[in-house]
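Notebook open, structure loaded. I want to go through the core, the strands around it and one loop.

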Amino acid sequence: MLKYPKLAKLAGIEGTVFLKLLIDEKGNVAKAKVEKGVKDMLDESALKAAKEAKFSPAILKDKPVKVWVVLPIAFKLDVDK
């Protein structure tokens with residue numbers, strides 16, 4: 001589950017973290033790295049959430065295969081609250 005770090009909220013830090021993920025044949029994240037980050041605390045939160053996520057594996061010729069994907073994760077503050 002993605003968590004917005006409290007310190008980032010208090011500091012008003014927003015942005016989109018782009019992660020590069022290797023999804024294995026079972027839909028698990030085999031490798032994850034920050035492709036384009038915002039701030040360390042947001043980058044780490046995005047990485048943690050991605051590593052815990054479960055994806056549908058890519059299918060090639062009716063067989064599941066490993067695939068690299070870029071996943072954008074947006075951190076946006078709700079200014080109305």
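For the core I take a set of buried Ala, Val, Leu, Ile, Met, Phe, Trp, Tyr and Cys residues joined through side-chain atoms within 4.5 Å. Buried means under 20% relative accessible area, exposed over 50%, and partly exposed in between, with a 1.4 Å probe and protein chains only.

Ground rules: this is a predicted model, where local features need pLDDT of at least 70, side-chain atom pairs count only at pLDDT 80 or more, and totals for chains, interfaces and linings use all residues. Residues are numbered from 1 along each chain as its sequence is written, and side-chain values use heavy atoms, leaving out hydrogens and water.

Core first. I find 14 residues in the largest nonpolar core, and V17, L19, L21, L42, A46 and F75 touch the most other members. At least two residues of this core come from each of β1 (15-23), α2 (40-52) and β5 (67-75); helices (H or I, at least four residues) and strands (E, at least two) are DSSP runs, numbered from the N terminus.

I then checked F75. Leaving aside residues up to four places away in sequence, its contacts (heavy atoms within 4.5 Å) include L2, Y4, P5, V17, L42 and A46.

Strands next; two of them pair if DSSP finds at least two bridges between them. β1 pairs with β5 in the antiparallel sense over nine bridges, with T16 opposite A74. β1 also pairs antiparallel with β2 (residues 29-36), over six bridges, and L21 faces A32 there. β1 and β2 make a hairpin with five residues between them, and G27 in the turn has a positive phi of about 90°.

Last, D62. I see D62 in the loop between β3 (58-60) and β4 (63-65). D62 counts as exposed because its relative accessibility is 77%.
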